[in-house]
There are 4 protein chains.
Amino acid sequence: MMNQILVGSRINYTVNSPTTFLLNISVAQNEHQSTTNESIEIYPYHKVEECAVGPLGNRLLRMTADPGELTIQYQATVELRASEVDSTDLCEVDYENLPADVLSFLNPSRYCESDKLYRFAGEEFGQLVPGYSRVTAICNWTYEHLTYTPGSTGPTTTACDVLLQRTGVCRDYAHVAISLCRAMGIPARYVSGYAVKLQPPDFHGFFEAYLSGEWFLFDATRLAPVGGFVRIGTGRDAADVAFATLRGDAQSTGMEVWANGQDANDHLLDPENVVTAVSSA
Amino acid sequence: MMNQILVGSRINYTVNSPTTFLLNISVAQNEHQSTTNESIEIYPYHKVEECAVGPLGNRLLRMTADPGELTIQYQATVELRASEVDSTDLCEVDYENLPADVLSFLNPSRYCESDKLYRFAGEEFGQLVPGYSRVTAICNWTYEHLTYTPGSTGPTTTACDVLLQRTGVCRDYAHVAISLCRAMGIPARYVSGYAVKLQPPDFHGFFEAYLSGEWFLFDATRLAPVGGFVRIGTGRDAADVAFATLRGDAQSTGMEVWANGQDANDHLLDPENVVTAVSSA
Amino acid sequence: MMNQILVGSRINYTVNSPTTFLLNISVAQNEHQSTTNESIEIYPYHKVEECAVGPLGNRLLRMTADPGELTIQYQATVELRASEVDSTDLCEVDYENLPADVLSFLNPSRYCESDKLYRFAGEEFGQLVPGYSRVTAICNWTYEHLTYTPGSTGPTTTACDVLLQRTGVCRDYAHVAISLCRAMGIPARYVSGYAVKLQPPDFHGFFEAYLSGEWFLFDATRLAPVGGFVRIGTGRDAADVAFATLRGDAQSTGMEVWANGQDANDHLLDPENVVTAVSSA
Amino acid sequence: MMNQILVGSRINYTVNSPTTFLLNISVAQNEHQSTTNESIEIYPYHKVEECAVGPLGNRLLRMTADPGELTIQYQATVELRASEVDSTDLCEVDYENLPADVLSFLNPSRYCESDKLYRFAGEEFGQLVPGYSRVTAICNWTYEHLTYTPGSTGPTTTACDVLLQRTGVCRDYAHVAISLCRAMGIPARYVSGYAVKLQPPDFHGFFEAYLSGEWFLFDATRLAPVGGFVRIGTGRDAADVAFATLRGDAQSTGMEVWANGQDANDHLLDPENVVTAVSSA
C-alpha cells in the first residue's frame, strides 16, 4: 500500500523580545513514511537548527527569533507505506515477553495517570477478549462517553480530569484511551500528526498500542481516517510532542494546517474501513 | 577520586500464583561507576533475564516465579569514579543550547507537574543567581518546607500533593525538587539507588540537574552524603524506576538493603562537604 | 410503624495532654425518632456540655479531658416512627419549587464535587424517569461500580477520587451518590448513624434525597436495611458529622458500636423490602 | 459610625427557553446594615419570589423567565452601622468555647480544603501571636503570594489549586485565606457583596473570621476598603452565594454593578485605616 500526501503548516507570531522556538512540526522519518520536497521557510530569514530526539524519530526545529512579525512555514510530500494486517490476528503481548524499550510505555505519565485506573479499566474491559478488539473497545468506550468540545480542556488537563468531566478534544481522547490501555497492561503511546480529511484542518493527536510485536495506530475521536495520518512526533503523552514551545515573549497570531491525500480513492482513507489494522513506526 | 562500595538487597516474597517480576535493583553501568563480584541469586532457582533499557543505562531483571516462598538477592562491589568540580563554576544552560536528548527532562511527568508550577517557582527562585547555587536553593527550600514522615504518602502522590501537605519521603522530596527545577527551565531527572550511611538502610531516591553540560547529583533530604550514592535507575520520575513491578499474585514479606563504603574516611561521604559538586552518568 | 432499637458506642482514648473532644454520637432528636434511657458516661468523670447545632437536630457533646486513660460510653433506646410511602409516587421537585432551606443541599461540598459531574450524571442518568426510581438507579450504579474495601480511602478522599479508583467505604458510597444526585438537580445530604444488622458493627454513613417535599433515606452500600438506621448527624457531607473531633494530643485505643433491633421481625428491617420508601427527619 | 451607600446591579440575559433564575444580589438584612428605597425591577415584567435562606440573612430572588431579552435591576440605599473596635484586643476563641453555630465554619468546604492544609498553615502561621494580627498575617501572605489575574481561574478552582498556581481573583483570595484560617482553628466564612471604590466596579468576594465572639471582615485582595463593603450573602465558600444560578437555557449578555459612598470622607473608606477592625453580622 502506498499513499502520497501533501502536508504543511504555517504559523504566525508577533515576537516582542528575542524568543527561542522549539518546533515539532516536521514529519517523522521512519520505515513507514518518507518525505520528498520538504521545506521549512522562515520569514524574515532566521537560521534554524534541526535536532533529532531519541530513537522515536522525532525531529525538532530550534531557532531564536528577533522581535517583529514572524512566519514559519513547513511543507512536505509524504509517502506512507503502512502495512495492512488482519486485525483479528493481533494479540496483546504477555508482560514477560515485552521488549525492554516498550516497557516504559506502560508507565503512567503526566496526562495519563494509568496508575489510578487499574480497577476502573479492569471493571470495564477486563472481561473482554484480549487483542486488537479490546483496544478498539477502549476507543469505542472513549468515543461514546466523551463529547468533543473545543475549548473544554486546557494544557494541564489530564485523563482523570476528562474521565470525570466527560468532554475534551483530540489530545484528551488520546490520553484517556492511552491510560486505559496501560491500566490493562497494553503499552500505549501518544502520536501527533497531520491528518487527511480532518475538519477543520488542524494538527491532530491520536495514539498507538503495542500488539503482536508492533505498534498500531488508533484514534478514539473518529474525526479522520487512520490511513491518512502522517506522524510528526511520538511520546508518552502530549507533554512530549508540543508543536511549539517558546522561551521569551511572543504571541501566536494565526495558524493554518493542511493535509491533502493525492489519491482520494485510497481505501485506507475510507472511514468505514475498520477491518484492517494500520501498523506504524 | 575513587570510592569502593559494597551494595546489595534481599527481598522475600510469598508467591500465590505464577507471577512475573520486573526488578530494577542492579547497579547501572556507566562511565562513573563499575561493578565487580556482581551476583543475583534466586531461591529457589528461577531463570532470570537481564534486559537493558534505553540509553540511560538502566538494567532490568525479569523472571516468572512459581508459587511458593521466593528470595531474591542482589550484590555487587561498586567503584565510583565521580568527578569533583568547583560548584561555583556550574551554569544553567540556555534553552537554545540544550542538547536534544536533554530536552525531555524539562517536560512535566506523572509525579512532577512542573507545568502547574511556573509562577510558584518563579516567585520563589526567579530572583536568584542562576547555576548550581539555585538548584541548591531549591533543595534547601524543599528540605525546609517538608517534614520527612514515613507513610505520609503513597504510590500516586505527586509533587503538587506534597507541596500542599508539606510532608513526604525521599521520592517525594526528589519529585518536588525536580518539578521546581523544570519549572525554572533547569532539566532534572529522578535517580534511584543505594546510599551509604542512609539510616535505616533502604533503597533511596534522589535527583540530578543538568548544569554546564553535565548531570549533577542532588538530594533534598540530607539523609546521606551524595558522594556515597550508587545509581540503580534513571528516569523522569519514580514511575520509571520502580524497584519491583509484579504481574500476578505475590506479597512482599521482607526486605533488607545494604550499602557499605569501604573507605570510611572518603571526604565525599562527609555530609558537611557542600563545596564540591558530584557529577554523574 | 414503630420500631424500638438499642444503640450505643464505647470509645477509649489515651490522652497525653489536655484535649478538647467534640463528639457527634448522640441520637438526633426529630419527629421520626425519640429516645428513652439515654446516658452518656465518661470514665473517669469529666463534665460534658451538650450543644445543639442548627435546625438539623445534630447534638454535639463537648468536653476537655485531662491526661490519662479515657472511656466514653453513649447508650439510648430509640423509637423510630418512619412513615412508609409507596415509592412510585415520589417525585423530584422542580427547581422553582424547592424550599429555600433545601437549596443549599444542591451546592457542591468538600467531598461531593457535584459541580464537576453535570455531564457525567446527565449521561448516565439523564434519560431515566425522574423520581424515587432515579435515585435508586444512582444507588445501584454506585453499588455496581464500586468495591467495598476497608482502608482504601482516607479522610481527604472525595467523590471524584472514588469515581476514578472505584473503591471505598460507606462514607465514599454516600459521597458518590450525593454528588450524582446534586448534579442531576436532586437535593441530597449526608447522614451518619447507627445501623441494625451492620456487620461488623460500626458507625454507618448513608444519605437522604429530597423528593415530593420530604427527605428519604438511601444507602448505596446495601450493607444494612434502611429501616434500621438511627440518625446521629445530618450535614452536607462527612465533613459536617465527624464522630469525634479532637484538639490536643490523644489516641483512640479502641471502639465498640452496637445497634440491636428489639423486634427482629419488623419488615422494615428486611433487606428485600425495596417497595416502600422510608421518610426521615 | 454610620455610612450611607447607594448600591445596585443590572444584568441582561438572552433567554432561549423558559429558565428559572435564583439571584443572590439583594443586600442582606442584619443589625449592621439596613436598606431604604430598595427596588427590584424586571424588564419585561415577571413575578419574582423572595425567599430568605437560613439564619445568615441571605435573601434570594427566584423567578422563571420566558424566552426573549431580559433585564434584572436591583437597587438600594444602605446604611452601614459597623462597630469599630481596637483590633489589638481581638482574640482567637478556644475550641472549647466556640458557639455551636460557629463550629461548622471550621469544617472544610468545596473550595476551601482546610483539611489538607494543617501542616502548611501551622508552618507558616503557627508561631505567630494568636488574634486579629494572625488573621491579618494570613491576608498579607495571601496578598503577597498571589497575583490578581482576571480569567486565571474558573468555577471549579479551589484554594489548593490557587496555592499551587499562585494566581486568582477575589473569590480565590478569599478561599485561600479562609482555608488557612480554618486550618489554624479560626472559624472563617465567605461573604459576597458590593464594594465602594472597587475598580472596575463589580460584585466582590471577601471573608470574615470569628474573633472575640464576633465576626470581623477581611479582604486579602486590598482592592477596596473594608469599611465600604455591603453584604449580600454569607456562606461556607463561593458555592453558597452565587450571584445567579440558572436552570434552563439563557446567556448573560451584560452586567453593570455600582456602589457609591454618600460620604466620601468617611474614614472607614480610607484604605490606610488598618488600625480599627470592622465587625459584621
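Reply: Buried area is the accessible area, taken with a 1.4 Å probe, that two parts lose on being put together, summed over both; here chain D and chain C bury about 2700 Å² between them, with 52% of it on carbon and sulfur atoms. On the side of chain D, the residues that lose the most area to chain C are Tyr95(D), Arg110(D) and Arg247(D), which together account for 27% of what that side buries. This is a predicted model, in which local features need pLDDT of at least 70 and side-chain atom pairs count only at pLDDT 80 or more, while totals for chains, interfaces and linings use all residues. Residues are numbered from 1 along each chain as its sequence is written, chains are lettered from A and ligands numbered from 1 in the order in which they are written, and side-chain values use heavy atoms, with hydrogens and water left out.

Me: How many residues does the contact take from chain D and from chain C?

Reply: Contact means heavy atoms within 4.5 Å, and by that rule 32 residues come from chain D and 32 residues from chain C.

Me: How many salt bridges does the rule find across the interface of chain D and chain C?

Reply: A salt bridge is a side-chain nitrogen of Lys or Arg within 4 Å of a carboxyl oxygen of Asp or Glu, and the rule finds four of them across the interface of chain D and chain C. In one of these contacts the side chains of Asp115(D) and Arg110(C) meet, at 2.8 Å from N to O.

Me: Which elements give two or more residues to the side of chain D that touches chain C?

Reply: Helices (H or I, at least four residues) and strands (E, at least two) are DSSP runs, numbered from the N terminus. The elements in question are strand E1 (3–23), strand E3 (49–53), strand E4 (58–65) and strand E13 (244–261) of chain D, and E3(D) gives the most, with four residues. If Ala, Val, Leu, Ile, Met, Phe, Trp, Tyr, Cys and Pro count as nonpolar, Asp, Glu, Lys and Arg as charged, and the others, Gly among them, as polar, the residues on that side divide into 14 nonpolar, eight polar and 10 charged.

Me: What area do chain B and chain A bury between them?

Reply: Chain B and chain A bury about 2700 Å², 52% of it on carbon and sulfur atoms. Tyr95(B), Arg110(B) and Arg247(B) supply 26% of the area that chain B buries against chain A, more than any other three residues. The rule finds four salt bridges across this interface, and Arg110(A) forms a salt bridge with Asp115(B), where the closest N and O atoms are 2.8 Å apart.

Me: Is Thr142(B) buried or exposed?

Reply: Buried means under 20% relative accessible area, exposed over 50%, and partly exposed in between (1.4 Å probe, protein chains only); Thr142(B) counts as buried because its relative accessibility is 0%. Thr142(B) is found in helix H2 (residues 132–145) of chain B, and, leaving aside neighbours within four places in sequence, Thr142(B) is in contact with Tyr173(B), Val176(B), Ala177(B), Leu180(B) and Ala220(B).
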